[in-house]
Amino acid sequence: MVRVIGATRLTRITGEDSCNRTASRFGIHATDLGIMWDDGRGGVLAAFGDTYGDGWGGHGAGPQSADWRYNVIARSTNTDLDAGLKFDSVLSREDGMAGQALPGDRTGAREHTVIPTAGIAIGGRNYLHYMSVRRWGMPGVWHTNYGALAYSDDGGATWTKSETAVWRNSRQPWLSRFRRRDPGGHPFQMIGFAGVLDGRVHLLGTPSGRFGAGHLARVGADDLLEPAAYEYWTGSGWGDDPLAAAPVLPAPVAELSVQFNRHFDRWFAVHLDEQRAAIVLRTAPELTGPWSGGEVVVSGADCPGLYGGFLHPWAADRPAIYFTLTQWGPYNVDFFRADLA
């Protein structure tokens, strides 16, 4: 059993009071998430969600008039993680400030924003999974149009939305029985890439919102943009129907990050447990489970309004995890280390 000894806030990484001074350097006064992955080119890319610049109100998201960008991406190469996650550069626009990486939907779909959920580099190409948010609901609940993949062949400088790799959150009547079991709808609207095993990319997916379970899928490393090539764990084998995927991580699972920790020889899943108002660590010998119930890493009692919990990819051989954590107020991202035994 892996036990959490304690968590330490190392530094803030976004906002002008952070180690990166992102307001003056990149026009990032406030943002959230900080999803990290190795870019395959000697660096780590970090994707952030709704981002605000000059005119930001000082607490929470918005206003939209404050240079709102749906998402931004920064790059880091520092290896001394105890010094924080330090940014060398951002994907920038013409004025040198952080630009929007993924644009809005061009098909006319009703859409509020475009939020990244996971990234991975395979064979020189970077892939970024995102969700098209149709509307926000009550706290912890939102509805998506679809989850989808974008890709970059220049190290994350430019991105193309795939026209094929789209998993629509259908509202058709034939999904009514499924939605009663899990109101979030399609079980792969948000994902966490686990990595490549035996030539296949494995990932865990959840419905939109913060109350669904985690489900397992895999696909050939060359077929990430082909939905028909994906297989989904049914509990007894692999099938081609995502709606038949069996939960492997019991609910509630939100903002999921997955990696194999070589020090403990265990799979780690870090995520928000909305019911406990905590970032938790769950472990398993296999991606199919059984997964542990979840050790509290950071509690909402210590960090009110917390969410996220995204793992740094360069610390998977240590008796510790390094991760980003967001608080709704002040709507910026901190970098943490949690020591384990």
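A residue is called buried when its relative accessible area is under 20%, exposed when that area is over 50%, and partly exposed in between, as judged with a 1.4 Å probe on protein chains only. The model described here is predicted: local features need pLDDT of at least 70, side-chain atom pairs count only at pLDDT 80 or more, and totals for chains, interfaces and linings use all residues. Residues are numbered from 1 along each chain as its sequence is written, and side-chain values use heavy atoms, with hydrogens and water left out.

**Salt bridges**

Side chains of opposite charge can pair when their charged atoms come close. A salt bridge is counted where a side-chain nitrogen of Lys or Arg lies within 4 Å of a carboxyl oxygen of Asp or Glu. Over the whole structure the search finds 15 salt bridges.

| Asp39 and Arg75 | 2.7 Å | Asp39, 2% | Arg75, 23% |

The positions below refer to helices (H or I, at least four residues) and strands (E, at least two residues), which are DSSP runs numbered from the N terminus.

Arg75 and Asp39 meet in a salt bridge. This pair links distant parts of the chain, 36 residues apart: Arg75 belongs to strand S4 (residues 72-76), while Asp39 sits in the loop between strand S2 (33-38) and strand S3 (44-48). Asp39 counts as buried, whereas Arg75 counts as partly exposed.

Glu274 is in the loop between strand S17 (266-273) and strand S18 (278-284), and Arg210 is in the loop between S11 and strand S12 (214-220), so the pair ties together parts that are 64 residues apart in sequence.

**Two strand pairs**

Two strands are taken to pair if DSSP finds at least two bridges between them. Strand S10 (residues 190-197) and strand S11 (residues 200-206) run antiparallel and are joined by seven bridges. Leu197 stands opposite Arg200 in S11. Two residues lie between the strands of this hairpin, in which Asp198 takes a positive phi near 50°. S10 is mostly covered, with six of its eight residues buried.

Strand S20 (residues 306-311) is mostly covered as well, six of its six residues being buried. Its antiparallel pairing with strand S21 (residues 320-327) extends over five bridges, and Leu306 faces Gln327 in S21.

**The enclosed space**

A cavity is a set of points, on a 1 Å grid over the protein atoms alone, where a 1.4 Å probe fits but cannot get out; its lining residues have an atom within 4 Å of a point. One cavity of 30 Å³ or more is counted. The largest cavity holds about 80 Å³ of space, and its lining includes His129, Trp167, Phe193 and Leu203. By type, the lining residues are nine nonpolar, one polar and no charged.

Definitions and conventions: 1 Å grid on protein atoms, 1.4 Å probe; cavity = no way out; pocket = protein on both sides within 12 Å on 5 of 7 lines; lining within 4 Å. Points joined across faces, edges and corners; volume = space filled by probe spheres on them. Nonpolar A, V, L, I, M, F, W, Y, C, P; charged D, E, K, R; others polar.
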